[in-house]
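Thank you all for coming.

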Amino acid sequence: MILVTAANGNQGKFLIPRLIATGQVVRACVRSEESAQALRTAGVTDVLVGDISDPGVMTRAMHGVDKVYYVGPTLHPKEREMGFAAIDAAREAGVRHFVFSSVLHAILTDLTQHEIKRDLEEYLLSSGMEFTILQPANYMLRHRLKPVLEQGVFLLSWALDRYQSMVDLSDLADVAAAVLEDSDYHSGATYELVAPGRYTAHDIAEIISEVVDRKVPAKQIDADEFTAASLGADHESAFPYHTKAARAISKRYSSHDFIGNSNVLTWLLGRNPTSFKQFAQRELNSENDPTDSPGAG
């Protein structure tokens, strides 16, 4: 059995159907009954609803599990403790292989979420379990296209002339499914997952402009404003931890590029990874509404 946490979130929405299609037995862990129902509709019969910050939830989730795909909570103030508890619970339950969704360049200590994932990588390496660590670049997220449709502008909360590397969630899910299916082959590996291309905000806006056939400019938005808008809050002070993290991201990405190399992802996929243009074409030209942001699971 494979346990997937945050199973209805950004990654889970892509990964779960792949696992089911290949006949894997899946247990999905989610926070809400709404997410649970979506997964049951998708064909998952074993769904655990609960907050993974509760050690009891993790203990129940790990029972009888052979492999784990662990996606931690996005920008959660207890992310480190929750990750430690998940690794402990997996080890105590006799989990054979633990796959951890980390982040590209986890070594960066001026970004809170990177430092936390670096600590979790170290803890996993010391756990005695077989492991695989995936280090994806910034996600190509469909809800980031919402301002393009609603305001005719691409928004970014850091300097527009800095370069970033990205990765398509569909490609990430293909890699995760392959690792979970043939865990022995990927045991002990740490993979940087980066699509080809390095993009400034202006580059991204130009690609989007080509896809929608109209001029879409790039605009830098204040990190606090971005945080409040993304969380549906009236003011960023409602989410102090998220705001602090967003400010650190804006500061880092405004003073340094965030880039990687696509060779590893190309090798793992056995094909060319999805480019940002292909992603934009898929999302902006599809019948699906890009303004419908995936949940966190």
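Predicted model: local features only at pLDDT ≥ 70, side-chain atom pairs only at ≥ 80, totals over all residues.

**A covered helix and its surroundings**

Let me begin with α7, which is mostly covered, since ten of its 13 residues are buried, where buried means under 20% relative accessible area, exposed over 50%, and partly exposed in between, with a 1.4 Å probe and protein chains only. Residues are numbered from 1 along each chain as its sequence is written, and side-chain values use heavy atoms, with hydrogens and water left out.

Which residues of α7 are buried? They are L169, S170, D171, L172, A173, V175, A176, A177, V179 and L180. The helix covers residues 169–181, and at 1.5 Å a residue its 13 residues should span 18 Å, which agrees with the 18 Å between its end C-alpha atoms; the expected span is 1.5 Å times one less than the number of residues.

Helices here (H or I, at least four residues) and strands (E, at least two) are DSSP runs, numbered from the N terminus. The protein chain has 13 helices and eleven strands in total. Its radius of gyration is 19 Å, close to the 19 Å that the globule rule gives for 297 residues, so the chain is as compact as a globular protein of that length; the radius is taken over C-alpha atoms, and the rule is 2.2 Å times the number of residues to the power 0.38. Along its principal axes, the C-alpha trace spans about 55 × 40 × 35 Å, and 53% of the 297 residues count as buried.

Now please look at two single residues. S157 sits in the loop between β8 (154–156) and β9 (166–168), and at 7% relative accessibility S157 counts as buried. Which residues does S157 touch, leaving aside its neighbours within four places in sequence? S157 is in contact (heavy atoms within 4.5 Å) with Q220, I221, A223, F226 and S250.

Finally, for the chain as a whole, among contacts between residues at least 6 apart in sequence, 76% join residues at least 24 apart.
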